Every structure is written in structure tokens, then in C-alpha cells.
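Here is a short tour of a protein model for someone meeting it for the first time. Have a look at the sequence and the fold, then read on.

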Amino acid sequence: MIQSITHYGIHFGLPLVVALAFYKNYWLKAYGIMILGMLIDLDHLLANPIFDPNRCSINFHPLHSYYAIAVYVLLLIPKKTRLIGLGLVIHIIADIADCGLM
């Protein structure tokens with residue numbers, strides 16, 4: 001239960017906190033863009049089984065690989081891609097926390 005609360009709390013709560021704290025004038029748009037970072041979970045469809053509660057996503061799925069994570073971190077640098085990068089990095093943070101609680 002604590003694992004699910006932590007995982008989904010980071011997925012939905014942390015982007016909201018970041019949006020409200022740093023993007024006050026357009027927090028809803030910023031929040032929406034960061035939430036789109038969850039689309040990288042589409043790579044779970046390539047796994048068999050699609051969902052395994054005992055599997056750590058980090059470096060297992062292609063969009064959760066260390067190479068992909070490096071690209072997500074680089075997206076934080078340009079202002080034009082920063083919100084996308086934040087959403088993706090927050091997603092990875094949630095997955096790392098999930099792996100740590102397994």
C-alpha cells in the first residue's frame with residue numbers, strides 16, 4: 001500500500017507541486033505537459049507479461065533505459081523542452097522510488 005501511494009503520489013503530486021511553485025501563471029498547462037511524461041509507460045506493452053508487480057522498470061523497458069534517462073536529463077537544459085524533461089524525470093523518480101520499495 002505504501003508503495004502504491006508513494007509511486008502515484010510522485011507521479012501526480014510532484015508535477016502539481018512543481019507546476020504551482022515554478023509555473024504559477026500557467027500551472028495547469030505546465031502540469032498537463034508534465035503528466036504527459038507518463039506516456040513513456042507505453043513501452044510496458046512490449047514486455048511479457050505486460051505488468052509484473054515484482055519487476056523494476058528501470059533499465060528493463062526501452063524508454064526506462066539508462067540511455068533514455070540521460071536524454072530526459074538533457075531535455076531539462078533548453079527552456080523549450082524543460083517541462084517535457086521535468087515530466088519524464090519525475091516519472092523516472094517515481095519508478096526509482098517504486099523499485100526501492102519492492
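## How the helices pack

Let's start with a pair: helix 1 and helix 4 pack at an angle of about 160 degrees, and their axes are 9 Å apart. That makes helix 1 roughly antiparallel to helix 4. For the words used here, angles under 35 degrees count as roughly parallel, over 145 as roughly antiparallel, 65 to 115 as roughly perpendicular, and the rest as oblique. The axes are lines fitted to C-alpha atoms, for helices over the stretch in contact, with angles running from 0 to 180 degrees between N-to-C directions. Helices themselves are DSSP runs (H or I, at least four residues), just as strands are (E, at least two), and they are numbered from the N terminus.

Before going further, a word on where this comes from: it is a predicted model, where local features need pLDDT of at least 70 and side-chain atom pairs count only at pLDDT 80 or more, while totals for chains, interfaces and linings use all residues. Residues are numbered from 1 along each chain as its sequence is written, and side-chain values use heavy atoms, with hydrogens and water left out.

Back to that pair. The crossing of helix 1 and helix 4 is right-handed; that is the word when the near helix is turned clockwise from the far one by less than a right angle, and left-handed is the word when it is turned anticlockwise. Who touches whom? On the helix 1 side, the residues that meet helix 4 include His7, Ile10, His11 and Pro15. Their partners in helix 4 include Leu86, Ile90, His91 and Ile93. Contact here means heavy atoms within 4.5 Å.

| Pair | Angle between axes | Axis distance | Handedness |
|---|---|---|---|
| helix 2 and helix 4 | roughly 50 degrees | within 7 Å | right-handed |
| helix 3 and helix 4 | about 140 degrees | 8 Å | left-handed |

Helix 3, residues 66–74, packs against helix 4 at about 140 degrees. That makes helix 3 oblique to helix 4. Helix 2 and helix 4 are oblique to each other too. Where helix 2 and helix 4 touch, Ala30, Ile33 and Met34 of helix 2 meet Leu83, Ile84, Leu86, Gly87 and Ile90 of helix 4. From helix 3, Ile69, Tyr72 and Val73 reach Gly85, Leu88, Val89 and Ile92 in helix 4.

## A closer look at helix 1

Helix 1 covers residues 2–22, which is 21 residues. From its first C-alpha to its last it reaches 28 Å, close to the 30 Å expected at 1.5 Å a residue (the expected span is 1.5 Å times one less than the number of residues). Where does helix 1 bend? It bends at isoleucine 10, by about 40 degrees. That bend is the angle between axes fitted to the seven residues ending at a residue and the seven starting there.

Which residues of helix 1 are buried? They are His7, Ile10, His11, Pro15, Val18 and Ala19, where buried means under 20% relative accessible area, exposed over 50% and partly exposed in between (1.4 Å probe, protein chains only). The buried residues of helix 1 pack against helix 2 (27–35) and helix 4.

## The loop between helix 2 and helix 3

This stretch has a few things to look at. Proline 49 sits in the loop between helix 2 and helix 3, and a cis peptide bond, with omega about 0 degrees, joins asparagine 48 to proline 49. Asparagine 59 is in that loop as well. Its phi is positive, about 65 degrees, although asparagine 59 is not a glycine. With 41% relative accessibility, asparagine 59 counts as partly exposed.

Setting aside neighbours within four places in sequence, histidine 61 is in contact with Asp43, His44, Ala47 and Arg55.

## Along helix 4

Isoleucine 93 belongs to helix 4 and is partly exposed, with a relative accessible area of 39%. Glycine 100 is in helix 4 (residues 82–100) too, and at 60% relative accessibility glycine 100 counts as exposed.
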